[in-house]
Amino acid sequence: MLVIGKAAVLGAGRMGTAVAAHLANAGIPTLLLDMVPTELTEDEKKKGLDLTHPSVRNRLATLAIAAAAKGRPAAFAHPSRTGLLIPGNFEDDLPKLADVDWVVEAVVERMDVKQAILSRVGGHLGPTAILSTNSSGLSVNAMASALPDAAKRRFLGSHFFFPPRYMYLLELIPGRHTDKSVVEGLKEFAELRLGKGVVLSEDTPNFVANRIGIFSTVYAINAMDKYGLTIEEVDAASGRALARSVTATYGTSNLAGTDVLAYAVAGHYETAVNDEMREQWRLPDWILEMVNRGYLGEKTGGSFFREKRPLVINPATLEYLPWQDPRQPSIAEANKVSDPAARVKEFISFDDAAALFGWDLLAATFVYSANRVPEICRDIAAIDRAMRWGYAWDLGPFELWDALGVKETVERMKAEGRDVPEWVTALAATDSPSFYRKEADALTVWGPGQLGHAPLAPRKRTIVLADLKAAGKTLDETKEASLIDLGDGVACVEFHTKANVVSLGVLAFVEKAISQAGDAYDALVIGNQGAHFSAGADIKMMLDLIAGEDWAAIETALRSAQRASMAIKYAPIPIVAAPFGRVLGGGLEVCLHSHRVQADADVAMGLVEVGVGLVPAAGGVKEAVLRTMAPAQGVTWALPIMMRSFDAICQAKVSSSAWDAFDLGYLRPGDGVTMNRESLIYAAKQTALAMLETGWQTPAPAKVKVMGRDGVGNFRSILDNVYLGDFMSEHDRFLAGKIGWILSGGDVDPGSEVDEAYLLGLERRVFLEACRLPKTVERMQHMLNTGKPLRN
């Protein structure tokens, strides 16, 4: 496997710095270089510095790192990662590239500027160093002409999407001289270490995702007047209604920058002379005038929108008017449908202006995408993945085409006089007109020049639970959860409740899966591949029980949840949780009791029960006590250490990354981090197998010495000061006091030894007490209605 011990990024602009930050997120020390300033700042003058001082010469990169550290969304996964970036400049530090394994050029998107910096870099590279350009669409081969022959073999395009930490797509674009081993090595490295979904592109204008995405954007803009639509209506009809990102056409351009859009469109028109839709690659004059006036998007205060969309530009006058909600029936009805493919079907079945526009845009995108294979990539799967991963479409064009029916849509297109590619019409005439087809255990695809479907190479280190279920690998299933055979003696418990809430049915299913281990499986993974691991416990069920004042049923439910947590913790088989996305409340308590956690790098974990007026009661506070008191070696030093858990639970803190989750105590030494979310189930399975191979043993029952009344008094004193300072509500003071009471072990002597059953009893007692308070009901109802916490 390719080893990247040190990297460098050339160009400390917004994108270059974000790429460097993501390399740091992967643990790679990275040089960040930019130009040397030609003038001193006033602050530098006051310090008596001159233009030769290193801090002046490295100023642009230093400021870029500082800005990235403060920016939102956060470029760095953890504050410690900023220390892996080393600022420098092009004049002094190019010789340092000799010690670097990968150099990423990320200067301004101009061919002359890129060739100039590459010509300077080539002679400084080590004999095995990889050099790549982060260009979003310029010719890799044209840039390679500025390099020595030896460097050309190790040069390629590496197009990250912004922001690199969060956008999954990385396009790799080999040049005509690039060694195949370099491409394959960097591809595997990017997938495993950087957490990327890699698409290989040909060296054609705008590569894959931007070629399709920008075409669709420009086509939508140019069709607006044809259908008499407003900007608001275009975005409504080209976003969620077409199973695409909610930012849609104008919203995406507002984020990316109107100038960026104009530059990309003009560059494509100039270079893609053989594009059959070349004349569509022109922006209307009113958008070009916006660029001239400096209306460049969010970076300048807005372009198509201002003030987060309350104001929308009028194309006729370039003045801003209040936002007007679209009123077409097609949009209203489509928004009621949750399934993406069904939503598009519903939308294009109407005949109002928005639906006709949507169908026109969809059909044009389908045909344009079909004409790009094999021009921009080898198969249709690359286009579908690029659009899902880079543009946040729910379905790629060929996946959606399948869902709408290839035969039916081709007939409609032909009736409208559209020039559908022959290879697509040939597919439509077959007995199974579908671009993708499942055959045995392999996924096959249709493409140009094929007489039948061809196997699609599987992605490394990925397990798709839906594919396993389709292949008959389900061992047990209810409406709330499934048990899936992952192979090699490992099974997976998958939640599929609404928002993956941890219902009593889910917990009972987990207990059953544990009890039946030994024949078909010897280890369990708890995970799923939904939008988020779990939104927490079932608030609606609990609210209904509170409304009925069924306190006995609430206590029974609590005992069931706690029993399931303990069943996980003391299971006779290793259990690995695979959390990602939001992992809240009861979902986190499942992880806290698992023997290992293999977490996604950007996991958002938190015990957030105070937001609904309650406290964690499935062992969450109990685990905080155990994790703090056991290593504290006595109660004297416990309070300062326990404050971490106290603050986290009382403030409902949610981690910003896996490394932040370690800081909060939600993850422990020995838990793992996976950069690539689509490899998470695979990684969790490998962790479970390693535990089996190394002789894993069920942990011994835990006992711990607690702070007792001393801790309770200390927490009460802290809370009195906070409350008197008017920093918390009366209800929050009550909840925080009770959390401090549990963390201290209740009303016992300092140093008393207690077991887990005792601590779980404290959780139940406080939970039931909170359930009887009107403020708790108010918070729970507010969360159900709005999805947001209420701090009353």
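Search the whole structure and you come away with two cavities of 30 Å³ or more. Keep in mind as you look around that this is a predicted model.

Start with the largest cavity, which holds about 90 Å³ of space. Two elements each give two or more residues to its lining, namely α26 (620-632) and α27 (638-650). Of these, α26 gives the most, with four residues.

Now move over to the second largest cavity, with a volume of about 60 Å³. Around this one you'll find Glu191 and Leu192, the run Arg459, Lys460, Arg461 and Thr462, and finally Asn676 and Ser679. Here the class count reads one nonpolar, three polar and four charged residues.

Leaving the cavities, let's turn to a pair of helices. Two packed helices are described by the angle between their axes and the distance between the axes. For helix α16 (residues 353-370) and helix α19 (residues 406-415), the angle is about 105° and the axes are 11 Å apart. Angles of 65 to 115 degrees count as roughly perpendicular, so α16 and α19 are roughly perpendicular to each other. On the α16 side, Trp359, Ala363, Phe366 and Val367 make the contact, and they meet Thr409, Arg412 and Met413 in α19. Taken by class, this contact has five nonpolar residues, one polar and one charged.

Methods:
Residues numbered from 1 in each chain as written. Predicted model: local features only at pLDDT ≥ 70, side-chain atom pairs only at ≥ 80, totals over all residues. Heavy atoms only, no water. 1 Å grid on protein atoms, 1.4 Å probe; cavity = no way out; pocket = protein on both sides within 12 Å on 5 of 7 lines; lining within 4 Å. Points joined across faces, edges and corners; volume = space filled by probe spheres on them. Nonpolar A, V, L, I, M, F, W, Y, C, P; charged D, E, K, R; others polar. Axes fitted to C-alpha atoms, helices over the stretch in contact; angles between N-to-C directions. Parallel < 35°, antiparallel > 145°, perpendicular 65-115°, else oblique. Contact = heavy atoms within 4.5 Å.
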